[in-house]
Amino acid sequence: MKVKEIMTKDVITTSSDQTISKTLGSIQRNNVHQLPVVSKNTVIGIITLDDIFKKDADPATTKVAALMHSTPTVLPDDDVEKAIQLILSANQRAIPVVGKELEGIISETDILKIIKIDKTLDEVAKKAHCVEVTDTLGKAKHVMNDNNISKVPVVKNGSCVGIIGTLELIKTLVPGKQSFEGSSSRAYKAHGTKEKRTIDETLVTTLMSPANVYNNSEMTVAQAITLLQKNEQVILKNGELSIITPKDILRATQKPTKFELIQGIYFCMKIGSG
């Protein structure tokens, strides 16, 4: 199948001289994680939520040019398989489709609509990195950055009670949302005046979203793929929590490289001889 058959043609973009604050507004309104950066309809890079949250920059004054990075592109007539490989190698959720000019964007979600894999849930899902209800947004950011993920389940006594990710964290960066104060604050009164705590000290429960948790034994990979077309993740529980993201599905379509096969054979030989 060709990229042009499944790509999204109406592309929301930003410019290199746009502020991060205004760009975040576009990201939030359109419920996306990245925007191509264009100049005269020529793609010059991409800006992602990960780019923004990994940098300690003032969104009101910082320009997109300071945080954007280069991006691979595909042609409209390229095979979808090439798009999958480029999305995975670039660790992005989407890449621009460029002919003579920007013609669209192809995302993980676009690809999930046509993808089929011959795998089990256990082969695709991975152990979830979680935060506790007593943890802060600062802790959640560290967990996401350290593990290169954009969503973490929030747990209480081992049970998932919500989820928090970069889309929720936008609220800490848009104008008027720079600080939080409430009954759950850990800040104490100083000199008779209650101090506002910083964003990183805010409990994750302040911004977390509801999360659906599914039983492994009651779901198939095909059902998980359907859910992922409208959700960023599928959370599973069969003992410990595990999670499936669109990128996990895309990785499951890829055959191991020759080097990976040699490594696997060598590892099995070591185990056998030990």
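Trainee: Hi! How many cavities of 30 Å³ or more does the count come to?
Mentor: The count comes to 1 cavity of 30 Å³ or more. Keep in mind that this is a predicted model.

Trainee: What volume does the largest cavity have?
Mentor: Its volume is about 50 Å³.

Trainee: And which residues line the largest cavity?
Mentor: The lining is made by Asp50, Phe53, Lys141, Met144, Asn145, Ile149, Thr166 and Leu169. Helix 2 (49-53), helix 7 (137-147) and helix 8 (166-169) are the elements that give two or more residues to that lining.

Trainee: Which helix gives the most to the lining of the largest cavity?
Mentor: Helix 7 does, with 3 residues. By class, the lining of the largest cavity splits into 4 nonpolar, 2 polar and 2 charged residues.

Trainee: OK, pockets next. What is the volume of the largest pocket?
Mentor: The largest pocket holds about 950 Å³. Its lining counts 38 residues, and Asn31, Val32, His33, Thr109 and Glu232 lie nearest its centre. Among the elements that give two or more residues to this lining are helix 1 (20-30), strand 1, helix 5 and helix 9 (221-228).

Trainee: How many nonpolar, polar and charged residues are in the lining of the largest pocket?
Mentor: There are 17 nonpolar, 13 polar and 8 charged residues.

Trainee: How much space lies in the second largest pocket?
Mentor: About 590 Å³. It is lined by 30 residues, with Asp50, Asn91, Asn148, Ile149 and Ser150 the closest to its centre.

Trainee: Which elements supply at least two residues of the lining of the second largest pocket?
Mentor: Helix 2, strand 5, strand 7 and helix 10 each do that. Helix 10 has the largest share, 4 residues. The classes in the lining of the second largest pocket come to 7 nonpolar, 11 polar and 12 charged.

Trainee: Let's zoom out. How many helices and strands does the protein have?
Mentor: The secondary structure comes to 11 helices and 13 strands. The protein has 274 residues, and 45% of them count as buried. The accessible surface is about 15300 Å², with 50% of it belonging to carbon and sulfur atoms.

Trainee: For contacts between residues at least 6 apart in sequence, what percentage join residues at least 24 apart?
Mentor: That share is 60%.

Trainee: Then helix 4 itself: which of its residues are buried?
Mentor: Helix 4 covers residues 80-90, and Val80, Ala83, Ile84, Leu86, Ile87 and Leu88 are buried there. As a general point, an α-helix has 3.6 residues a turn, so residues three or four places apart point the same way.

Trainee: What do the buried residues of helix 4 pack against?
Mentor: They pack against strand 3 (94-98), strand 4 (102-107), helix 5 (108-112) and helix 10 (246-252).

Trainee: Where is glutamine 92 placed?
Mentor: Glutamine 92 sits in the loop between helix 4 and strand 3.

Trainee: Is glutamine 92 buried or exposed?
Mentor: Glutamine 92 counts as buried because its relative accessibility is 5%, and buried means under 20%. Leaving out residues up to four places away in sequence, glutamine 92 touches Ile46, His69, Ser70, Thr71, Pro72, Ile87, Glu108 and Lys247.

Trainee: And lysine 40, buried or exposed?
Mentor: Lysine 40 counts as exposed, at 82% relative accessibility. Lysine 40 is in the loop between strand 1 (34-39) and strand 2 (42-48). The C-alpha atoms of lysine 40 and glutamate 101 are separated by 9.1 Å, with the two residues 61 apart along the chain.

Trainee: On to strands. How many bridges join strand 7 to strand 8?
Mentor: There are 6 bridges, and the two strands run antiparallel. Strand 7 and strand 8 form a hairpin with 2 residues between them, and asparagine 157 in the turn has a positive phi of about 55°. Valine 154 stands opposite glycine 162 in strand 8.

Trainee: Why is strand 8 largely enclosed by the rest of the structure?
Mentor: Because 5 of the 7 residues of strand 8 (residues 159-165) are buried.

Trainee: Last one: what order does the open sheet of 4 strands have?
Mentor: The order is 5-13-12-11, with mixed pairing. Strand 5 (126-127) and strand 11 (213-215) are at the edges with a single partner strand each, so one side of each lacks a neighbour in the sheet. Strand 11 pairs with strand 12 (residues 234-238) in the parallel sense over 3 bridges, and asparagine 215 stands opposite lysine 237 in strand 12.

Technical notes: Residues numbered from 1 in each chain as written. Predicted model: local features only at pLDDT ≥ 70, side-chain atom pairs only at ≥ 80, totals over all residues. Heavy atoms only, no water. Buried < 20%, exposed > 50% of the residue type's maximum accessible area, 1.4 Å probe, protein only. Contact = heavy atoms within 4.5 Å. Areas by Shrake-Rupley, 256 points an atom, 1.4 Å probe, with all protein chains shown as cover. 1 Å grid on protein atoms, 1.4 Å probe; cavity = no way out; pocket = protein on both sides within 12 Å on 5 of 7 lines; lining within 4 Å. Points joined across faces, edges and corners; volume = space filled by probe spheres on them. Nonpolar A, V, L, I, M, F, W, Y, C, P; charged D, E, K, R; others polar. Pairing = 2+ DSSP bridges.
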